[in-house]
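Q: I am new to this structure. How do I start reading it?
A: Look at the sequence and the model, then take the sheet, the helices and the core in turn.

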Amino acid sequence: MLEQNKALIRRFYAEVVNGRKDELIDEMIAEDFDDHAARDKGREHFKTLYHVMIRIFPDIQASLQDLIAEGDEVVARVEFTATQADSFRGFPATNRQITYSGMDIFRIKDGKSTERWAQRDFLGMLERLGHISRTG
C-alpha cells in the first residue's frame, strides 16, 4: 500500500504538475478533497487553484527531492522551478525564472488523495522574484 500511495504522488507531480494533464485530477483527487493549505474543500476548488497556478507560472516544474510514506500519508519535499508570467498575490509579473521549495503531505484513501497540507517558501520566492528584500 505504501508503494502504491507513493506512486500516486509521483504520478501527480509528473503528469498533472509537470505534464499539465489536468484531466487526471478526477482520477487522483477525491471529490470531497480537503485542502488544508487553501482552507477549502472539494476537487473543483482544487482544479481552480491548479489553473490559477498554471496561469501565473505557466512553465512550473516540480522535482521531487524526497518522498516518504507512512500509514495513509505521503510526504513530498519538492523543488519548484517557475517563471512568474502573471500577478501573484498582488505582485506584478516579473518574467523571472526562480527556484523555490515546498513540502506537501497527502492523505490517500482508495487510491485518491483526500487531504493535503502544504508549505511553500513564499518569502524566499518573493525575494528571488525581486518583489521584497530581506536585507536592512
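Q: What is the strand order in the open sheet?
A: Strands are DSSP runs of E of at least two residues and helices runs of H or I of at least four, numbered from the N terminus; two strands pair if DSSP finds at least two bridges between them. Here 6 strands form an open sheet with mixed pairing, in the order β2-β1-β6-β5-β4-β3. At its edges are β2 (40-41) and β3 (61-70), each pairing on one side only. This is a predicted model: local features need pLDDT of at least 70, side-chain atom pairs count only at pLDDT 80 or more, and totals for chains, interfaces and linings use all residues. Residues are numbered from 1 along each chain as its sequence is written, and side-chain values use heavy atoms, with hydrogens and water left out.

Q: How many bridges join β3 to β4?
A: β3 and β4 (residues 73-83) run antiparallel, joined by 9 bridges. Leu67 stands opposite Ala76 in β4.

Q: Which strands does helix α1 touch?
A: Contact means heavy atoms within 4.5 Å. Angles run from 0 to 180 degrees between N-to-C directions, with axes fitted to C-alpha atoms, for helices over the stretch in contact. Helix α1 (residues 2-17) packs on the sheet and touches β3, β4, β5 (97-109) and β6 (112-120), its direction making about 165° with that of β3.

Q: Which residues touch the most other members of the largest nonpolar core?
A: A nonpolar core is a set of buried Ala, Val, Leu, Ile, Met, Phe, Trp, Tyr and Cys residues joined through side-chain atoms within 4.5 Å; buried means under 20% relative accessible area (1.4 Å probe, protein chains only). In this core of 33 residues, they are Ile9, Phe12, Tyr13 and Ile60. α1 gives the most, with 6 residues.

Definitions and conventions: Buried < 20%, exposed > 50% of the residue type's maximum accessible area, 1.4 Å probe, protein only.
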